[in-house]
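Me: I'd like to learn how to read helix packing and aromatic contacts in a model. Could you take me through a case?

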Amino acid sequence: MANDTPRRGWFLTVMTVLFLLLALSDFTKPLQYVNNPAVGGLVVLGHKFHGVAHNLILGPIFGIILLIYAYGIWNLRAWVLPLSFVYAFYVPANMVLFWSLHQLPPPTKSFIVMYLFLSLTGSIGTAIYLAYHRERLS
């Protein structure tokens, strides 16, 4: 019996798992903040939210968005394509705004390269992949 459903492939499978992990991270932002306020906390458009209440409200909201995104990728839904474009613009904007708004000690070059590679591959790379393979989406 032939399977007529298009395959998601290894890249989208890996990205789905990574988006699920990001969602889990967002759901646990209040705990991260309580554990270490200097490091924990949700960052939205460059602004790092302080306080348990902010992270308790916003963390799950962003976690749900990432769960929806992961669901759309996993099931190859056509509606995930516009969401991927929004996320592809959001991630670099969030990174640039965060690094420009906060006076932080500079990270190592290897950290910056690895962080940029993972975050941009996850955001922009997924959007490009989905756009290129949009005939697989239903």
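Me: In which hand does α1 pass α5 in the crossing?

Reply: First, a word on the model. It is predicted, so local features need pLDDT of at least 70 and side-chain atom pairs count only at pLDDT 80 or more, while totals for chains, interfaces and linings use all residues. Residues are numbered from 1 along each chain as its sequence is written, and side-chain values use heavy atoms, with hydrogens and water left out. Helices are DSSP runs (H or I, at least four residues), numbered from the N terminus. A crossing is left-handed if the near helix is turned anticlockwise from the far one by less than a right angle, and right-handed if clockwise. Here α1 passes α5 in a left-handed crossing.

Me: At what angle do α1 and α5 pack?

Reply: Axes are lines fitted to C-alpha atoms over the stretch in contact, and angles run from 0 to 180 degrees between N-to-C directions. For helix α1 (residues 9–27) and α5 the angle is about 140°, with the axes 11 Å apart. That makes α1 oblique to α5 (under 35 degrees is roughly parallel, over 145 roughly antiparallel, 65 to 115 roughly perpendicular, the rest oblique).

Me: Which residues of α1 and α5 meet?

Reply: Contact means heavy atoms within 4.5 Å. From α1 come F11, L12, M15 and F19; they meet T121, G122, G125, T126, Y129 and L130 in α5.

Me: How many aromatic pairs are there, and why is F111 with Y115 called stacked?

Reply: A pair of aromatic rings is described by the distance of the centres and the angle of the planes. Rings of Phe, Tyr and Trp (its six-membered ring) pair if their centres lie within 6.5 Å; planes under 30 degrees apart are stacked, over 60 edge-to-face, the rest tilted. The structure has 10 such pairs. F111 and Y115 are stacked because their ring centres are 5.7 Å apart and their planes at 20°. Both sit in helix α5 (residues 109–132), four residues apart, about one turn of the helix.

Me: What lies over the face of W74?

Reply: A charge sits over a ring if NZ of Lys or CZ of Arg is within 6 Å of the ring centre and within 35 degrees of the ring normal. R8 does this for W74, at 3.5 Å from the ring centre. W74 belongs to helix α3 (residues 52–74). Leaving aside neighbours within four places in sequence, W74 touches R8, T13 and T16.

Key: Helices (H or I, at least four residues) and strands (E, at least two) are DSSP runs, numbered from the N terminus.
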